[in-house]
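Q: I have a structure open and want to learn how to read it. Where do we begin?

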Amino acid sequence: MTSSTDRVVIFDTTLRDGEQCPGATMTFEEKLEVAALLDAMGVDIIEAGFPIASDGDFESVQEIARRTKNSVVCGLSRTALADIDRCGEAIRPARAKRIHTFISTSPLHMSAKLNMTPEEVLEASIAAVTRARQYTDDVEWSSEDGTRTEIDFLCRCVEAVIKAGATTVNIPDTVGYTTPQEYRGLFETVRARVPNSDKAVFSVHCHNDLGMAVANSLAGVQGGARQIECTINGIGERAGNAALEEIVMAIRTRADALPYTMGIDTTMLTRASKLVSAVTSFPVQYNKAIVGRNAFAHESGIHQHGMLKNPATYEIMLPEMVGLNKSSLVMGKHSGRHAFKDKLKAMGYELGDNALEDAFRRMKDLADRKKHVYDEDIEAIVDEEILTAHD
Ligand code: KIV
Ligand code: ZN
């Protein structure tokens with residue numbers, strides 16, 4: 001049984017953290033197209049950009065704010081008041097708007113990057129949240145490098161920013177350093193120690209440097225966070241951010257272990273993945289979970305045989321759930337007779353036993369020489385078989 005507190009907010013940052021990675025720059029029109037798809041897909045919050053970063057970013061955030069119908073439109077800003085003002089201006093046209101302000105809180109970042117004392121960081125955070133509240137009552141504060149931040153200081157900051165009006169508190173794993181158990185514990189500790197913690201929604205934001213971004217995000221939710229920051233195809237700084245499609249399908253598929261609700265139309269995930277890959281020119285790895293081209297493809301004879309009897313043998317979700325027409329049985333040297341016969345049937349061929357056996361052998365010979373056996377290859381084999389008809 002789920003309650004309203006089990007609703008997880010999906011915060012997409014493809015257009016901000018995703019675009020921030022080398023080579024992923026999108027044009028103005030491409031950003032509008034991605035934002036429209038995220039809006040239609042049911043993403044709760046679209047982080048549209050970093051308005052102070054450039055005039056281009058400001059304009060795209062502003063246009064996304066004008067056009068978005070359902071999602072909250074969010075802009076990022078540092079704690080500098082000029083950043084907040086620029087961000088507030090950019091999101092002004094939105095039906096629902098959020099300002100997301102961030103500052104580093106770890107000892108290393110405060111000294112090496114900001115050259116600020118903890119007290120200065122605390123003061124800047126309070127001032128930024130207070131200023132942001134002049135533009136919207138939906139304000140998020142992030143403790144950059146949160147997972148390497150000293151816990152007492154983190155709790156002080158969280159308490160103070162909530163008092164100043166922050167409605168969402170994000171504790172990012174900026175450098176992808178944490179582990180699931182540790183990250184879950186961090187949220188449990190902060191929520192237990194900060195007296196006004198129930199006044200804000202806690203948020204996870206995980207990078208994938210050790211390949212744990214999705215696992216860490218879900219662990220943070222188990223620790224009480226109710227917002228997940230993620231990107232389509234997991235694009236983002238360095239090894240990327242937690243992949244939206246993986247988070248969403250993990251929650252959908254394992255509702256027994258992850259009993260949370262979301263507002264995402266999962267049948268749009270494949271389309272979103274293809275669009276983001278096309279506009280960034282970032283290929284999606286073949287074996288990428290959910291949206292990789294092999295995610296619902298089977299070549300081994302044993303697996304194909306099982307799939308033909310009952311798809312649940314080797315698939316834990318239906319391809320239709322992510323917007324794919326069907327699974328594919330790929331012909332190759334590992335394929336079996338059953339799958340080959342089925343493939344021929346789907347292509348409109350029905351061969352007798354001897355011809356089938358012969359065609360199957362030829363397909364295997366070809367697969368040994370060639371990496372992929374395409375439908376055209378199968379057509380050629382069958383046509384030849386028909387010409388030299390045995391039965
Ligand atoms: O990774 C990070 O810490 C960020 C913040 C700006 C939220 O992207
Ligand atoms: Zn980030």
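A: Begin with a term. A crossing is right-handed if the near helix is turned clockwise from the far one by less than a right angle, and left-handed if anticlockwise. This is a predicted model. Here the crossing of α2 and α3 is right-handed.

Q: Which residues make the contact of α2 with α3?
A: From α2 come Phe 28, Lys 31, Leu 32, Ala 35 and Ala 36. From α3 come Gly 56, Glu 59, Ser 60, Glu 63, Ile 64 and Arg 67. By class, that contact has 5 nonpolar, 2 polar and 4 charged residues.

Q: How is a pair of packed helices described?
A: Two packed helices are described by the angle between their axes and the distance between the axes. Take α2 (residues 28–41) and α3 (residues 55–67): their axes cross at roughly 35° and come within 10 Å. Now take α3 and α4 (residues 81–91): the angle is about 40°, and the axes are 7 Å apart. That angle makes α3 oblique to α4.

Q: Which residues of α3 meet α4?
A: Phe 58, Val 61, Gln 62 and Ala 65 do. In α4 they meet Arg 86, Ala 90 and Ile 91. This contact divides into 5 nonpolar, 1 polar and 1 charged residues.

Technical notes: Residues numbered from 1 in each chain as written. Chains lettered and ligands numbered in written order. Predicted model: local features only at pLDDT ≥ 70, side-chain atom pairs only at ≥ 80, totals over all residues. Axes fitted to C-alpha atoms, helices over the stretch in contact; angles between N-to-C directions. Helix = DSSP H or I, 4+ residues; strand = E, 2+ residues; numbered from the N terminus. Contact = placed C-beta atoms within 7 Å. Nonpolar A, V, L, I, M, F, W, Y, C, P; charged D, E, K, R; others polar. Parallel < 35°, antiparallel > 145°, perpendicular 65-115°, else oblique.
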